[in-house]
Amino acid sequence: MTLTGRVVFRDIETGVWVLEGDDGRTYQLAGGDRKIKKDGQRIEVHGDVDRDAFTVAMVGPVFTVSSYRFL
């Protein structure tokens, strides 16, 4: 699955990195590396939504990143 959007840091609990997708949905990012954590940066990510994952932040489904590129 491929998504595009903007990386945003949300100050919830201990903090969480999310993708505000161009599809109008918000995904909690998992995986990737620390270079992906640039607040406001537009990216294209490849990976899968983990529909069985539960998180404390509850910002949206968890998207496990397998690769990405900055736009």
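Guide: What follows is a set of questions about the labels used for this chain, each with its answer.

Guide: This is a predicted model, in which local features need pLDDT of at least 70 and side-chain atom pairs count only at pLDDT 80 or more, while totals for chains, interfaces and linings use all residues. Residues are numbered from 1 along each chain as its sequence is written, and side-chain values use heavy atoms, with hydrogens and water left out.

Visitor: What makes up the pattern of the chain, read along the sequence?

Guide: The pattern is β-β-β-β-β, with 5 strands and 0 helices. Helices (H or I, at least four residues) and strands (E, at least two) are DSSP runs, numbered from the N terminus.

Visitor: Why is the chain called as compact as a globular protein of its length?

Guide: The globule rule is 2.2 Å times the number of residues to the power 0.38, and the radius of gyration is taken over C-alpha atoms. For 71 residues the rule gives 11 Å, and the radius of gyration of the chain is 11 Å, so the chain is as compact as a globular protein of that length. The C-alpha trace spans about 30 × 25 × 25 Å along its principal axes.

Visitor: How much of the chain counts as buried?

Guide: Of the 71 residues, 32% count as buried. Buried means under 20% relative accessible area, exposed means over 50%, and partly exposed is in between (1.4 Å probe, protein chains only).

Visitor: Why is Gly31 called exposed?

Guide: Gly31 has 53% relative accessibility, and exposed means over 50%, so Gly31 counts as exposed. Gly31 lies in strand β3. Its C-alpha atom is separated by 5.0 Å from that of Val65, 34 residues apart along the chain.

Visitor: What makes Ala30 partly exposed?

Guide: Ala30 has 26% relative accessibility, so it counts as partly exposed. Ala30 also lies in strand β3. Not counting residues up to four places away in sequence, Ala30 touches Val62, Phe63, Thr64 and Val65; contact means heavy atoms within 4.5 Å.

Visitor: Which label does Asp50 get, and why?

Guide: Asp50 counts as partly exposed because its relative accessibility is 34%. Asp50 lies in strand β4. Asp50 touches Val62 and Thr64, not counting residues up to four places away in sequence.

Visitor: Is His46 buried or exposed, or partly exposed?

Guide: His46 has a relative accessible area of 28%, so it is partly exposed. His46 is found in strand β4. His46 and Ser66 are 20 residues apart in sequence and 5.7 Å apart in space, C-alpha to C-alpha. Leaving aside neighbours within four places in sequence, the residues in contact with His46 include Met1, Thr2 and Ser66.

Visitor: Which residues make up the largest nonpolar core?

Guide: A nonpolar core is a set of buried Ala, Val, Leu, Ile, Met, Phe, Trp, Tyr and Cys residues joined through side-chain atoms within 4.5 Å. The largest one has 11 residues: Leu3, Val7, Leu19, Tyr27, Leu29, Ile36, Ile43, Val45, Val49, Phe63 and Val65. The elements giving two or more residues to this core are β1 (2-10), β3 (26-31), β4 (42-50) and β5 (62-70). β4 gives the most, with 3 residues. In soluble globular proteins, nonpolar side chains tend to be buried together.

Visitor: Which residues is Tyr27 in contact with, leaving aside neighbours within four places in sequence?

Guide: Tyr27 is in contact with Leu3, Trp17, Val18, Leu19, Val49, Pro61 and Phe63.
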